[in-house]
Amino acid sequence: MARYYDVHPENPQPRIIGQVADLIRGGGLVAYPTDSCYALGIQLGNQDGLDRIRQIRHLDDRHHFTLICRDFAQLGQFVQISNSVFRSVKASTPGSYTFILPATREVPRRMLHPKKRTVGVRVPRHTVTQALLAELGEPLVSSTLVLPGDDEPMTQGWEIKERLDHQVDAVLDAGDCGMEPTTVIDLSGPEPEILRRGAGDVSRFE
């Protein structure tokens with residue numbers, strides 16, 4: 001059964017954040033809130049966790065996992081950002097964007113798109129997510145919590161606990177955090193390609 005943590009959305013309890021971070025460091029898979037719906041998260045390098053997320057969401061090996069980073073500086077350790085897109089990426093973080101960019105050697109091979117060698121990255125605004133990232137001191141490997149057969153992401157912690165009780169190790173519930181996923185923009189080619197229109201404004205990339 002998954003552990004259930006009820007956390008304050010604006011002043012998350014340090015004790016709870018510490019417990020969840022320890023669980024992630026120990027190989028755990030958690031459902032957690034972001035500024036654009038809930039997500040599944042694991043520690044960087046957790047190969048078993050990647051397989052568990054793929055199983056829950058029925059994903060193939062072409063799926064782009066996302067590195068949830070604390071800030072722009074941390075994001076820059078894991079992807080290569082060309083001069084032509086640097087300003088627009090920096091201006092869009094933190095925010096409801098996921099950027100597909102060429103990965104550096106810091107990113108485990110199994111996380112990469114098999115042909116493009118790219119990875120998704122983003123910096124969220126959500127206070128609870130930021131507290132968790134600060135406690136971990138490293139990015140979370142993440143995937144939006146949309147279950148097979150569902151049209152929309154999951155938005156309620158209690159429902160996640162109910163439906164995924166035996167598939168995740170913990171649910172971090174900070175209340176409703178919206179149901180519109182991030183805008184996904186592929187910046188790995190010569191021109192920006194909008195792969196998904198979501199919560200982030202796409203005007204600067206069109």
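Mentor: Let's start with a term: a residue is buried when its relative accessible area is under 20%, exposed when over 50%, and partly exposed in between, using a 1.4 Å probe and protein chains only. This is a predicted model, where local features need pLDDT of at least 70, side-chain atom pairs count only at pLDDT 80 or more, and totals for chains, interfaces and linings use all residues. Residues are numbered from 1 along each chain as its sequence is written, and side-chain values use heavy atoms, leaving out hydrogens and water.

Trainee: What percentage of the 206 residues is buried?

Mentor: Buried residues make up 55% of them.

Trainee: How many helices and strands are there?

Mentor: Helices (H or I, at least four residues) and strands (E, at least two) are DSSP runs, numbered from the N terminus. Here you get six helices and 10 strands. The radius of gyration, taken over C-alpha atoms, is 16 Å, close to the 17 Å from the globule rule for 206 residues, so the protein is as compact as a globular protein of that length. That rule is 2.2 Å times the number of residues to the power 0.38.

Trainee: Which strands are joined to S7 by bridges?

Mentor: Two strands pair if DSSP finds at least two bridges between them. Strand S3 (residues 37–43) runs antiparallel to S7, with five bridges; glutamine 43 sits opposite leucine 140 in S7. Strand S4 (residues 66–68) is also antiparallel to S7, through three bridges, and threonine 66 has serine 142 of S7 as its bridge partner.

Trainee: Is S7 mostly covered or uncovered?

Mentor: Mostly covered: four of the five residues in S7 (residues 140–144) are buried.
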